[in-house]
2 protein chains.
Amino acid sequence: MDQDELLTEALRLAIDPPGGVSVDALRELTRDDDAGQWDIATTAAHLGVNPHTLRYYERIGLVSVDRDTAGHRRYNAPAVRRLVFLTRMRTSGMPISDLLRYVGLVEGGGATVPERLEMLLEHRDTLRSQIAQLQLALAATEFKLATYKEAPRP
Amino acid sequence: MDQDELLTEALRLAIDPPGGVSVDALRELTRDDDAGQWDIATTAAHLGVNPHTLRYYERIGLVSVDRDTAGHRRYNAPAVRRLVFLTRMRTSGMPISDLLRYVGLVEGGGATVPERLEMLLEHRDTLRSQIAQLQLALAATEFKLATYKEAPRP
DNA sequence: GGTTGCATTGGAGCGCACTCACAGCCCTAG
DNA sequence: CTAGGGCTGTGAGTGCGCTCCAATGCAACC
């Protein structure tokens, strides 16, 4: 795998998680700019979250969402992409407060890129140690299972 | 690595986590049966939790803890071992309610071993998918970092 | 036109897992 | 002898992240 392939793979992983929005779905969303909008139920389903959660995210300022003539939310491609990122960060344990800070930085323009980078680096480290912790817990669990199988003593 | 070595390694992982109680500390605890007891502060420090949390765990029935003549808690080796297990399960995401069920089963005797096994197997699967999720999030984060490094666009 | 159904809003409520406050007891040091 | 500090039990409080409620409104189908 060369660099390009690695990046492609990472991108696929980044935006095509199991249980998350699929690349095809995103493509469908952007097919034509006019109809390329999802209502809250569709968006929530694609993201695997509760519609309430999407309203909550909007309320606290994590995303801004357009309205149709009836005042109903219409999620366009950029909003969905942001939500994909946000939900991914959330499910990997980044607190909402950090996400608020991050989107604040994004809104703040290019000058905030270093700070965003720092946040991402920090999160990467957090993820790595989380994974290590879980792998330890997994080993412990498997050991416990092994002891049960050999000689059942609690 | 043969079977024995694997088990030894797993055991080491199981009871010697980074930031958790160490094998040496446990050994120290069991050195002589008489002094082999920890007070709540020592125990909490070794487990890396708040003393309040230990009282809480006792209150809800996760462990039973002896008292000294002054009525202060004394954690003996079995109690510490159970707490090591419990905190490990907790930090790997098993809810308290499940832990309560598990210790209930342990109290219930050998007949509950199959059910305990089932719980552990389920937890193992949960851990595996958690790890997979986190690895995806890690890949996504690293991809984002890569995009920032090449052409800073949010 | 009426009913059904999903949407809207702000605010309240919930579940989890702690975490702390309070009043009182006990031991030790000075 | 007394002051300090850590422990005790119990109840209440906290923070997070949703999740639901109530009242209302539009929209599409029968």
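Reader: Let's start at the interface. How many salt bridges does the rule find across chain A and chain B?

Author: It finds 2 across that interface. Bear in mind that this is a predicted model. The count over all chains comes to 12 salt bridges.

Reader: How do I read one that crosses over? Which residue forms a salt bridge with A:Arg128?

Author: Look for a side-chain nitrogen of Lys or Arg within 4 Å of a carboxyl oxygen of Asp or Glu. Here A:Arg128 pairs with B:Glu142, and their closest N and O atoms are 2.8 Å apart. A:Arg128 sits in helix H7 of chain A and B:Glu142 in helix H7 of chain B, so this pair joins two chains. B:Glu142 is partly exposed at a relative accessible area of 32%, and A:Arg128 is partly exposed too, at 39%.

Reader: What about A:Glu58: buried or exposed?

Author: Compare its accessible area with the cut-off: buried means under 20%. A:Glu58 has a relative accessible area of 16%, so it is buried. Its salt-bridge partner A:Arg67 has closest N and O atoms 2.1 Å away, and that arginine is partly exposed at 39%.

Reader: How much area is buried between chain A and chain B?

Author: About 4000 Å², and carbon and sulfur atoms give 78% of that. In residue terms, 41 residues of chain A are in contact with 41 of chain B. On the chain A side, A:Leu134, A:Phe143 and A:Tyr148 lose the most area to chain B, together 15% of what that side buries.

Reader: Let me zoom in on one residue of helix H7 of chain B. What does B:Thr141 touch?

Author: Set aside residues up to four places away in sequence, and B:Thr141 touches A:Met89, A:Leu120, A:His123, A:Arg124 and A:Leu127. B:Thr141 is found in helix H7 of chain B and is buried, with a relative accessible area of 0%.

Reader: Now the cores. Which residues have the most contacts inside the largest nonpolar core?

Author: The general idea is that, in soluble globular proteins, nonpolar side chains tend to be buried together. The largest core here has 30 residues, and those with the most contacts inside it are B:Leu54, B:Leu62, B:Tyr75, B:Leu83, B:Leu86 and B:Tyr102. Helix H7 (113-150) of chain A supplies at least two residues, and so does each of H3, H4, H5, H6 and H7 of chain B. H5(B) gives the most, with 7 residues.

Reader: Why does this core lie between domain 1 and domain 2 of chain B?

Author: Because domain 1 (1-91) and domain 2 (95-154) of chain B both give residues to it. B:Tyr102 is a handy place to look: leaving aside neighbours within four places in sequence, its contacts include A:Lys144, A:Tyr148, B:Phe85 and B:Met119. Apart from this core lies another, of 29 residues, among them A:Leu54, A:Met89, A:Met119 and B:Tyr148.

Reader: Last one: how many helices and strands does chain A have?

Author: Chain A has 7 helices and 2 strands, running α-α-α-α-β-β-α-α-α from the N terminus. Of its 154 residues, 40% count as buried.

Terms used: Residues are numbered from 1 along each chain as its sequence is written. Chains are lettered from A and ligands numbered from 1 in the order in which they are written. This is a predicted model: local features need pLDDT of at least 70, side-chain atom pairs count only at pLDDT 80 or more; totals for chains, interfaces and linings use all residues. Side-chain values use heavy atoms; hydrogens and water are left out. A nonpolar core is a set of buried Ala, Val, Leu, Ile, Met, Phe, Trp, Tyr and Cys residues joined through side-chain atoms within 4.5 Å. Buried means under 20% relative accessible area, exposed over 50%, partly exposed in between (1.4 Å probe, protein chains only). Helices (H or I, at least four residues) and strands (E, at least two) are DSSP runs, numbered from the N terminus. Domain bounds come from an automatic or database domain assignment. Contact means heavy atoms within 4.5 Å. Buried area is the accessible area (1.4 Å probe) that two parts lose on being put together, summed over both.
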